[in-house]
Amino acid sequence: MSAPESLHLVVGEEELLVERAVRAALEAARKADSNADLTRVQVTDLTPPELAELVSPSLFAEGRVIVLQNAQEIGKEIADAVVSYAKAPADGITLVVVHTGGGRSKAAKDLPGQLKKAGAVVIECPKVTKPGDREAFVRNEVRQAGGKIDPEAVATLIDAVGTNLRELAAAASQLVSDTDGKVTVDEIRRYHQGKAEVTGFAVAEKAVTGDRAGAMEALRWAMQLGVPHVLVADALADAVRTVARVSAVGRADPFSLAGPLGMPPWKIKKAQAQARGWDQSGLADAMQVVAGLNADVKGVAADADYALERAVLKIVAAHGRR
């Protein structure tokens, strides 16, 4: 069996695609060594000696996948150490460098180019913002799951689920498994008629309209039925950011705003209605809440259920503070 690629550069800001790229690197490593483990490290928490220890071959030649996260924040010293290692990687080690593609420092901006020169496998994970790209994502998800879907059904699925890639991917996979593989408009409507009350977007829509009781009830149902914390957090973040973006451009025609905002008109129209109870101060506070929640549900908070409840209540409180 061929050895896995030793150096991966994952570039972009679409979290679902980034996670899949990391998972693919781990799966490749485990084909060569079923016991290969995964270690994630923030580059800002890393020193050159610690990096050297992480990438040193194990005494028993065990496979390892080391993920350096947020490499767009890397400093010169550790960047030099990463590039130096990349030029002569160790056997049995897979190094995955995750970078948004931006960066403030010269070292951070130069790192992707230097890793490419060192022979890194590059995986592009750009943010999916254009309606056409989102539709292509849904078609591909259905195809990968072994199903088929026509253009009208693609649009219906996005209307029903929203723009979050995690939820779109989960819905596409579920629909293919629950049907004969042909995903139709009728199947989507039948499926989501019974599921709408427990999606993350149901919680988010109640929260951004200031419906405290409705949001908390939807959240309790979602938690009882096992909706992943990260999906609810993503939906809250998407709802708050959408309201903030639409609010900033005023009450223009949704169809004329669709191009500049990269959103479908129906979503803009909905956000315009939701924006009525918000002012800029409240939106700024809500943006801070969802930014912190993202980290909380990914392991920072001791209790993810409590973190979600607290975030929903803070968003509701920020709404309507005029």
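**Chat about a three-domain model**

Student: Which residues does Glu-135 touch, not counting residues up to four places away in sequence?

Tutor: Glu-135 touches Val-154 and Ile-158 once those neighbours are set aside. Contact here means heavy atoms within 4.5 Å.

Student: Before I go on, what kind of model is this?

Tutor: This is a predicted model, where local features need pLDDT of at least 70 and side-chain atom pairs count only at pLDDT 80 or more, while totals for chains, interfaces and linings use all residues. Residues are numbered from 1 along each chain as its sequence is written, and side-chain values use heavy atoms, with hydrogens and water left out.

Student: Ok, back to Glu-135. Where does Glu-135 lie?

Tutor: Glu-135 is in helix H5, residues 131–144. Helices (H or I, at least four residues) and strands (E, at least two) are DSSP runs, numbered from the N terminus. Glu-135 counts as partly exposed because its relative accessibility is 30%. The classes are buried under 20% relative accessible area, exposed over 50%, and partly exposed in between, using a 1.4 Å probe and protein chains only.

Student: Switching to Lys-148. Which strand is Lys-148 in, and what is Lys-148 in contact with?

Tutor: Lys-148 belongs to strand S6, residues 148–149. Leaving aside neighbours within four places in sequence, its contacts are Val-142, Gly-181, Lys-182 and Val-183. Lys-148 has a relative accessible area of 66%, so it is exposed. Val-98 is 50 residues from Lys-148 in sequence and 33 Å away in space, C-alpha to C-alpha.

Student: Which non-glycine residue has a positive phi?

Tutor: Asn-70 is one, with phi near 55°. Its place is in the loop between strand S3 (64–69) and helix H3 (76–87). Asn-70 counts as partly exposed because its relative accessibility is 28%.

Student: Who can you show me in H3?

Tutor: Glu-77 has its place in helix H3, and at 59% relative accessibility, Glu-77 counts as exposed. Glu-77 and Arg-276 are 199 residues apart in sequence and 49 Å apart in space, C-alpha to C-alpha.

Student: Zooming out, what are the domains?

Tutor: The domain assignment gives domain 1 (7–125), domain 2 (131–192) and domain 3 (200–320). Such bounds come from an automatic or database assignment. The centres of domain 1 and domain 3, taken over C-alpha atoms, are 33 Å apart.

Student: How many helices and strands in the protein?

Tutor: There are 15 helices and seven strands.

Student: What percentage of the residues is buried?

Tutor: Buried residues make up 46% of the 322. Of the contacts with a separation of 6 or more, 75% are between residues 24 or more positions apart.
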